[in-house]
Each structure stands twice: as structure tokens, then as C-alpha cells.
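Hi,

Here is the model I promised to pass on to you. My notes on it follow below the structure.

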Amino acid sequence: MCLGIPMKIVEMDGQEAVAIAGGIRKRIRLDLLDGVQMGDFVLIHTGYAIEKLDAEEARETLELIKQVYRAGMTGETEETTS
Amino acid sequence: MTDSFLEEFKDPKLAKRLAESISAITLDRPVTVMHVCGTHEHAIGRAGIRAVLPKGLRLVAGPGCPVCVCPARDIDLAVAAARIDDVTVTTFGDMFRVPSTTSSLEEEKASGGDVRVVYSPLDAVEFARKHPERRVIFIAVGFETTAAPIAASLLAGPPENFFILPSLRIIPPALTFLLEGGAGPVEGFILPGHVSTVIGVDGYRFLDEIFHVPGVIAGFEPVDVLRAVRELLAQIGGEKKSSVVNLYRRVVNEEGNRKAQDAIAKVFRVDDVEWRGIGTIPNSGLVLRSEFERIDAVKHLGLTVDTEPVDIRPGCLCHKVILGESEPEECKLFGEACTPRRPHGPCMVSSEGTCRARYQYRPVNQKPRE
Ligand code: SF4
């Protein structure tokens, strides 16, 4: 129900936009999000973009996960901030 | 920028290593943690995460399925609406087959009612615009994630023949309810990633400040859930101070989506509402503000129910499943008299329902009974 699909913005016209993911094109609305730009990845829920995806944060998270991967079975927990 | 950074989260090698590091943890006592999101239940079922948890750790599903906690009365009202000649009822697909007290929207459609499944409230508004001769009702069911788009579609000024049947609920009061007595031994929560896009980390501060219970906001890939489990165990075991932690930073930020919060606050106010099988939870529902009352289908059409609503049919344990007190497999009807094709209770209908997810991902040696 709260399913959010990450899609890329490829067309914009005011509060309306077209987003794509995996070969699917969808008309979506931007009423709930400020500052969206062409090429941004956004999370789509019931036809509305509800949040932007932050590529920088995504990379940092992946890096943290990979550190654990490299650390092997030590069971070390990664650093997290709240 | 390509979307490869999203694909990387799906890398099974990373998940496997994380799973190994979690399996290796030993607990000196039994621990129960809860997630409150149907999409998490699917991620957990699909990836077989329960099989890799340390011995003694229970990961239960809480009230994370909006359709499952929508009271029978609301579906009864939608059924009553579908029986009115000039009314079209529009609904998310998940609601279509949920048994009400005496019927379901699916049955109403079969007997001639105009019931249509929509993907978005926008589709319902669009239909109303194209059919001014019909009164179009949209069943507004969902949590914060869904409340925001619904609020936005109402703020955009729908046509006069558009109404909603409000049945929206919010998550934090449900967590409070669980912690004040309903949740048994739950020692930590995996928090729903997409509700969190709206309410942010700030929406859960009370967990730590009032209850000193850890909460971890998590995404929906196996690595996300595994990291959340590990973080919870570190906090519960005392290696880390208990706090609300955001492990879904690629999407969720501290204060949430202010614009979405504002849209919700403009259209709705909180009120005490009923959760199917659980009872009334204070301040846990969103009802229309007086400026928007004319959009309320129940008031506009004077909808009533003639039979006392039945939330939980005999034999169904949904009310306990929703609170994490029973596992679906403990229900005698699970997979026998209750299957996705012939659901007996709401938890088997919605794709988000715990019984439904558990049935879908049941171990292969548990023979299909359908
Ligand atoms: S298996 Fe069906 S009858 Fe049993 S608790 Fe789940 S929904 Fe209810």
C-alpha cells in the first residue's frame, strides 16, 4: 500500500511530469515536492512524487554496507547517527 | 547519473554477508522486534530473512496493512454506497475483495454495482470530471504516505460530484498504543520507510524520549532489513544507546516532507478512530476538517449500515496477527479455509496482509493446500 517506486523525471510541465523506470513511463504530479529537476530520481506513490532520492546518501550507505562485507564475519556494527 | 546506485542495493552478495554476520550473533535471552509495514513483510518473506535470524529472535509483523485495519463498518458503508444507482465507488485494488460484514465490493460489482479499481486518487477525480452525471466516491484508505497524495488531490479542487469515504490512519499513535500495553514483549521497531518519507525521523522521537525503545527506519531491500535488525540488536543488547536511527537516508530525512505534512494538515485533523480487530486508538485517524466536510461521502449520501459490523469472523485470528501476538500459521484456517483466492479474514486479502504474505512465501515443504 505504501509502495514507493523510484522513477526518473524525464519531462516536466509545471506540477505535471513524466517519469520512467524499467521501460515504464508514467504521468505523475509534483504538488508534494519542491525543487524537482529534470533527471532527478523521485519516489512515486499513487501518482505523486513524495520524496527525492539522494544519490550521495545512497552511495554512502552502500559504502557502509561494503565495509561490513569486507570486515567479514566479525559482526562489527557500522557507525550510525540518528 | 544512472540508476545503478539503486541496483547495487539489490546485490545478493552483500545481503548474504550481512545475513551471515547476523546469524552469528548469539542472544542470551529471547528477543521480539516488530515491523509495521506490509511491504517489509514482503521483503522479509521473499528474501527468507526469518531463516537467518539468530536463535531466540522473533521478528513479528505489526499493524502495517491499512486495508487490514480498515474497520468492517467503513467497507459496509462503501457497500451501501455501491448500491445507490447514480454512485460509482472507486477504490485501491487492495480493498476490492476485503470481506465486509455481509458482502464485499467485489460482490457488489458482480451484482451490478459500479465499483472501479483505481491506482491513484487522481484517476478517481478524472473519472468524476468525465462523468458529471454520477456521484463518484473514492475510498480513502491508507497511512501518511497515502494521505498526502489524497490531500493534494483534494486541495487541487476536485469537481462537485467527487467525494471521499475517509478511512486514513497514522502510525505513531498505533506504536504508542502498542507500547502502552498492546504489544507484549516488543523491544524494538523496524519503522516503515515510506511513512517515514512524510513524517521524517522527527515523527518517531517519542519512541526514545517516552518509551526508551529503539526504532530503526529501514528501506525495502534485503540489505536494508538486515541492517535494521542488526542495529536493533546492538541497541537492545546495550552496545549502543537506544535511539531512533535512520538507515534509509537515501530517501528519508530528519524532518520528513514538510509539504506533504502541510497538505495533510490543511485537509484533515486527527481524531480517535477504530482499527479493525484492535479497537479505538486515540488520535490515530485523519478526518476531514470542517471546510472539507462537503466532500465526506458518508455525510453527503447519508450512508448508514443496517447490520452491526463484524470485524473478525469466527475462527479468524487477524486481530491477534495484526498485533504480532499470533503467527498466521497458528490459525486453523490458514491455507485451508482461508486462502488468497477464498479469504476468510482481511489479513489474507490485501497483498500487504501478514497472512497473505506468509502464504505466498510459505516454505516449499509446506504443501500448497489450494
Ligand atoms: S489465515 Fe485467514 S482466517 Fe486465519 S487469521 Fe489469517 S486472515 Fe484470519
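**Chain B overall**

Chain B comes to 16 helices and eleven strands, where helices (H or I, at least four residues) and strands (E, at least two) are DSSP runs, numbered from the N terminus. Its radius of gyration is 21 Å, close to the 21 Å that the globule rule gives for 370 residues, so chain B is as compact as a globular protein of that length. That radius is taken over C-alpha atoms, and the rule is 2.2 Å times the number of residues to the power 0.38. Along the principal axes, the C-alpha atoms of chain B fill a box of roughly 65 × 45 × 45 Å.

Before you go further: this is a predicted model, in which local features need pLDDT of at least 70 and side-chain atom pairs count only at pLDDT 80 or more, while totals for chains, interfaces and linings use all residues. Residues are numbered from 1 along each chain as its sequence is written, and chains are lettered from A and ligands numbered from 1 in the order in which they are written.

Of the 370 residues in chain B, 55% are buried. A residue is buried if 20 or more other C-beta atoms lie within 10 Å of its own, exposed if 12 or fewer, and partly exposed in between, with C-beta atoms placed from the backbone.

The contact between them takes 53 residues from domain 1 of chain B and 44 residues from domain 2 of chain B; two residues are in contact if their C-beta atoms, placed from the backbone, lie within 7 Å.

**The sheet and its helices**

Chain B has an open sheet of six strands in the order β4-β3-β5-β6-β11-β10, with mixed pairing. Two strands pair if DSSP finds at least two bridges between them. β4 and β10 (268-275) of chain B stand at the edges, each with a single partner strand, so one side of each is left without a neighbour in the sheet. From one strand to the next, the twist averages 25°. Inside the sheet, β5(B) and β6(B) pair in the parallel sense over seven bridges, and Ala140(B) stands opposite Pro166(B) in β6(B).

Helix α5(B) lies across β3, β4, β5 and β6 of chain B, running at about 140° to β3(B). Axes are lines fitted to C-alpha atoms, for helices over the stretch in contact, and angles run from 0 to 180 degrees between N-to-C directions. Helix α7 (residues 121-130) of chain B also packs on the sheet, touching β3, β4, β5 and β6 of chain B, and makes about 170° with β5(B).

How many residues of α5(B) are buried? Ten of the eleven residues of this helix (residues 72-82) are, so α5(B) is largely enclosed by the rest of the structure. Among them are Asp74(B), Asp76(B) and Leu77(B).

**Contact with chain A**

The contact takes 37 residues from chain A and 55 residues from chain B. On the chain A side, α1(A) gives the largest share, ten residues. By class, that side has 18 nonpolar, ten polar and nine charged residues; Ala, Val, Leu, Ile, Met, Phe, Trp, Tyr, Cys and Pro count as nonpolar, Asp, Glu, Lys and Arg as charged, and the others, Gly among them, as polar.

Best wishes
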